[in-house]
Amino acid sequence: MTKIPDAEALLPRLVAELKVRVTPATAMIGLHTGGAWLAERLHPLLGLKEPLGLMDIAFYRDDYAKEGLKHDPKRTRIPFEVEGREILLVDDVLYTGRTVRAALNELFDYGRPKSITLVVLADRGGRQLPIAAQYCGAQVDVPEGMRLRLRRAANGRLALELERAA
Amino acid sequence: MPRSFPHNPQLNANGELQHLLSIEGLPREILIQILDTAESFAGVTEREVKKVPLLRGKSVFNLFFEASTRTRTTFEIAAKRLSADVINLNVAVSSQSKGESLLDTVANLSAMQADVFVVRHGSSGAPYLIARHVKPHEHVINAGDGRHAHPTQGLLDLFTIRHYKKDFARLTVAIVGDVLHSRVARSLIHGLTTLGAPEVRVIGPQTLLPARVETLGVRVFHDVRAGLKDCDVVVMLRLQNERMNGALLPSAQEFFKHYGLTADKLALAKPDAIVMHPGPMNRGVEIDSSVADGPHSVILPQVTFGIAVRMAVMSIVAGN
């Protein structure tokens, strides 16, 4: 039986670790949908000057030829200049690394950031690209054929859940 | 071998959009999918780098058998912003004039590895004919066929209305002028009724309204003042001189006097009404300059939205 950590319990340590590295040039971007939920929780606790940016990487995916366009791409909204910023890129679960690859490509179409730091709630291993998270809430073993997802309850509470992969 | 279409020729076996031929017959969910996707692309078109890598390596052939500047250009821009390779063929002056048949032209382009055909043709139904004969990985987008349909214009009109009015549920929309010759009007009426606009009106002289137009679910007005009363959206149509054979109208001046949109006629609509026009405009024929350039006009935003809508349509069909 795999032990799934409590998402809420992982937040305080992530916030504490991130706080010490925030500078006036730091800005945050959350990846739709789970990463955006996580970023919406982290952002107000870090006292960042810039409003939160949200990104949907649908137009940068590498499986379009196989899968087509996903059904409800959200609009990417980055309400600050990316140029010269220290970007905290936030996602819920790090797995193959392909979503992050797509996000890096999209981000560079907005400008040249000073740096990009990857922040995730959970790392389930299984990387297919040379990508790593600098800040990670927990390492989670996920059984074959399952996927790890972040859920947000009506009251805003976040929870990690296992479900059968499609 | 021509493939047969058991159901809707626009949809594949999974019910996904394979070709865009007409708004008529498209389920509400697909219209919403296109509008939502276009909303995301509208964000891309506002960036400094107005390009995404989605259709990299794909070839889009613009096949225009009938002249068009705006539609062809916006399709070209949309394809380029999706990183596709775009090939513009002004077929009116090439193969067709040498006697090549429509399907031979398409077969030749298909042999050049096409992925998407954007087709404008003077004959209604030409894009359907092409869609029936292309290979499974090839997609056809209707960019206007005869008097029949102009679905991407209809979609960008719907996108514009939703952008300014948020919701179709309480809207009164008036479509004014030469409905008879307008493929734009037909596409828009189908879209509005599918998305639940409660009242769509067509306004024009009897000679410029199609017979039995009310069967499309619209209210018919011949008096423009009565028709414009309390409208949220006013869509002016171009008086299509090039499509008129025979005397349907006494004169353009006479038409302007009765049906041309002026500030005093527009005052009958709601105070926050928007004015749309698919272009190209005939100033002083169907619309007065003071209205075309006035605060209610969203005619130029329509053009901008048209790029995002065409990006959405191309990326959805090419992925299915």
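1. Let me start with B:L228, which lies in helix α7 of chain B, residues 224-228. Please keep in mind that this is a predicted model. B:L228 counts as buried because it has 23 C-beta neighbours inside 10 Å, and the cut-off for that label is 20 or more.

2. What surrounds this leucine? Leaving aside neighbours within four places in sequence, B:L228 is in contact with B:A174, B:V234, B:K265, B:L268 and B:A269.

3. Helix α1 (residues 28-44) and helix α11 (residues 299-319) of chain B pack with their axes 8 Å apart, at an angle of about 120 degrees. That angle makes α1(B) oblique to α11(B). The crossing of the two helices, α1(B) and α11(B), is right-handed.

4. Which residues make this contact? From α1(B) come B:Q33, B:I34, B:T37, B:A38, B:F41 and B:A42, while α11(B) supplies B:F305, B:A308, B:V309, B:M311, B:A312, B:V313 and B:I316. By class, the contact of α1(B) with α11(B) has 11 nonpolar residues, 2 polar ones and no charged ones.

5. Finally, do look at where the two chains meet. Chain B and chain A each put 16 residues into the contact. On the side of chain B that touches chain A, the elements giving two or more residues are α1 and α11 of chain B; α1(B) gives the most, with 7 residues. The residues on that side of chain B divide into 6 nonpolar, 7 polar and 3 charged.

Conventions:
Residues are numbered from 1 along each chain as its sequence is written. Chains are lettered from A and ligands numbered from 1 in the order in which they are written. This is a predicted model: local features need pLDDT of at least 70, side-chain atom pairs count only at pLDDT 80 or more; totals for chains, interfaces and linings use all residues. Axes are lines fitted to C-alpha atoms, for helices over the stretch in contact, and angles run from 0 to 180 degrees between N-to-C directions. Helices (H or I, at least four residues) and strands (E, at least two) are DSSP runs, numbered from the N terminus. Angles under 35 degrees count as roughly parallel, over 145 as roughly antiparallel, 65 to 115 as roughly perpendicular and the rest as oblique. A crossing is left-handed if the near helix is turned anticlockwise from the far one by less than a right angle, and right-handed if clockwise. Two residues are in contact if their C-beta atoms, placed from the backbone, lie within 7 Å. Ala, Val, Leu, Ile, Met, Phe, Trp, Tyr, Cys and Pro count as nonpolar, Asp, Glu, Lys and Arg as charged, and the others, Gly among them, as polar. A residue is buried if 20 or more other C-beta atoms lie within 10 Å of its own, exposed if 12 or fewer, and partly exposed in between; C-beta atoms are placed from the backbone.
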